[in-house]
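Hi,

Here is the structure I promised to pass on. Have a look at it first, and then read my notes on the strands below.

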Amino acid sequence: MAVRATIIRFPGDQDALEESGLPWGVTVSPFATKDENGNPPVYGSDGHQLPRCENCWAYYNTYCEQEQWAWTCSLCGTLNGLSNQAITRYSLPESCPENVSSFIDLELPMEESEEMPARPVYVAAVDLASSEEFLELVKSALLAALEALGPGSLFGLATFSHKIGLYDVQGPIPVVKNVFIPHDSDGTVSMELQDVMPLLSFLAPVDTCKDRIASALETLRPTTSWERNSGAGQGLDGVFLGGRGFGSAMEALFSYLGSEYGNTFALARVFAFLSGAPDIGAGQLDTRRYGEQYASRREDADRALLPEQTPFYKDLAAVAVQSGVCVDIFAVTNEYTDLASLKFLSIESGGSLFFYTSTDDSTLPQDMYRMLSRPYAFNCVLRLRTSSEFQPSHSVRFSSSLLIPLILILLSRLAHNTCTISQQYGHFFPDPQYENVQHIICCDSFATYAYDFEFANNVGFSRHTGELPMLQIAFQYTVVVPPDELANVGSNSTRAKHSLKRRLRIRTLQFGVAHSINEIYDSVDSEVVLSLLVHKVILASLEQGVREGRMLLHDWLVILTAQYNDACKLIQSGHGGSTGVHIDVAFSQCPQLQPLPRLVFALLRNPLLRLHEEGVHPDYRIYLQCLYSALEPSSLNRAIYPLLTSYASLDKQAYPRHSLSRAALITSGSPIFFLDAFTNLIVFYASTADPSLPFPPPQDCLLRTTINKLKQERCITPKLTFIKGGQDDATAFENYLIEEQDVEGSGFTSVMGFVSFLEEINQSTLEYLK
Ligand SMILES: [Zn+2]
């Protein structure tokens, strides 16, 4: 479990927080195997016996003072009695993980009902209203998946178009049975899938049926236009319908699988391969809104098709969760698919959303293999507790307290948006009953969540008692343990049996308190600040539009600059008149703040926040929102401000970091550049590079080793491109050189991009200070 705070030394009180202009919060990656410093938890058992505070329910931890019969809670200060059981437990204190480390992972006993055969179940649902190329890609992805699935897994193959197809591969020849999907949006599939094919015929053991599954995959063909015409008919207004009954198919599939939930499996994962928007049956989507927006701009261009057009997929996600199903959506399409409506099905059921605009260079098979090869936790409960002076924030959206000084200016903008929610971000469900409790259906070690903090009252952290702010995060989760990890070697089972393990992971952290604004600024973690900003602008652009999100981000930087200049007493009147007032926009006295103006500029240049007029596809924007809102801070930084390094030769690095500008390239004089933009890796050979340099770089050089290591460590497979300057089209690389680009995207201006952006921030800060 990795936990990182925006400010390591917390502000003393509300005034200090507002004075700083910084967001105050943390990011949490609960299933990360190590903490943010690379230390693993101390493992143990009997998590249910861990003493808890009778006042705040925090768990006993290393920061608590223990006496012979009692302990004092490090979060709320309550004195708690120790039970006889605990006294026995603590007679040998060093034998208990909770006395050894503030990061522990304890086994919990399973309830009787939970002790069931926990076979991992995977179902592929393949779109047949598609093309040969699409199906070829899906086949290679599923063949890769079969290699990654552990022994004892069950696999089912289903297809959808104007009908649902179910495959039984357990007999001598694969059998497929079909059921038609009604066209109208309120029609349900006429027959229960269980009556079409018993579920246990559909779910085949991967161990014995791998080859047969592979041959069944070979038989997949796109529906022909004849089939579609007879099956799906012509749509209204003569518009041709692809006949893609995705919503109906998913609905039927969940109720089909749900019958074995808690019996055969504890979590079933559905891989939905989609080549376009659902256009028949339940959950059909109107894709004409995309064309209308471009044609007439009748749609709200600022919101750029970000809101969903139907609650169907959000509701369907709830059904999936109740059926023990988690859905991963793999959209491979260059058509408008309305991921804004579809995304809920994946992110709310604990799955991921993958989006590929082309079948040619798609990393789908690699992504699939990696996703299935890494461990995941499910049925998770994440609970955050704080010491009494502060709490997770429940403030007005985006305008967390730091924006309050600007609220008068923004009043007209914010007036229509005053509803309150708790400021917690990431792919989870808030508990309907308890505050600060999140349910996570399924997550891997990369999944990251974020919280904003606020003061619980106007007292703040006391300077007299010396009590420091405490944070405790409890994460309860279930994992499937494969048979070979179990100790019962020699048991006569020839059939691999999986078991479920329930665990409780607890991390307790103590933070310092800053005694001056300079101490706050010196303890800023700019990567975490960016993470919180990204969450806030995603939320703001979903609700109020992209333009609004950009404005809020810009204003935030203006306020920070003003507060910093004010706090550091940097504002001096120059040689008469306001023109001489000097504003330090580069944060020259505070290294920790220095990355922020660049990061804000880069975020404004990111497709996440580029204006609709710049041609950002709405589906791509939604994909980025989903991806970014689950990334841990360092990865997110890489995605927003890519890392550009240069190499003197294939085996020797020249500079570890360049700013993203053409000027930096030219002045460095290096022959080779390597750009890491998280989803993309680009190797660029300067046009002046020695022509005898091998291209592309061979496998045995330092550059390749670096690239391979990066690919290995990442949650998604980055796309690798090699570009030879002067010969190949270098646009893909040059687009990342943002610092000469105009921040509003109106092309290359006569003034330099980032430089003029800073000048503009300077002007706005002066106006704000007036
Ligand atoms: Zn307590």
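This is a predicted model: local features need pLDDT of at least 70, side-chain atom pairs count only at pLDDT 80 or more; totals for chains, interfaces and linings use all residues.

How many of the residues of S3 are buried? The count is 5 of the 5 residues in 25-29, so the strand is largely enclosed by the rest of the structure. Buried here means under 20% relative accessible area.

S3 has pairing partners that you can trace in the view. With S22 (residues 449-455), S3 pairs in the antiparallel sense over 4 bridges. Strand S1 (residues 2-5) also runs antiparallel to S3, and 4 bridges join them. Within that pairing, Ala5 has Val26 as its bridge partner.

Elsewhere, there is an open sheet of 7 strands with mixed pairing, in the order S4-S8-S24-S23-S17-S21-S20. Strands S4 (42-44) and S20 (429-430) stand at its edges, and each has a single partner strand, so one side of each is left without a neighbour in the sheet.

Inside that order, S23 and S17 are listed side by side. S17 (residues 376-386) and S23 (residues 470-481) pair in the antiparallel sense, over 7 bridges. If you want a residue pair to look for there, the bridge partner of Thr386 is Leu471 in S23.

Happy browsing, and best wishes

Note on methods:
Residues are numbered from 1 along each chain as its sequence is written. Side-chain values use heavy atoms; hydrogens and water are left out. Two strands pair if DSSP finds at least two bridges between them. Helices (H or I, at least four residues) and strands (E, at least two) are DSSP runs, numbered from the N terminus. Buried means under 20% relative accessible area, exposed over 50%, partly exposed in between (1.4 Å probe, protein chains only).
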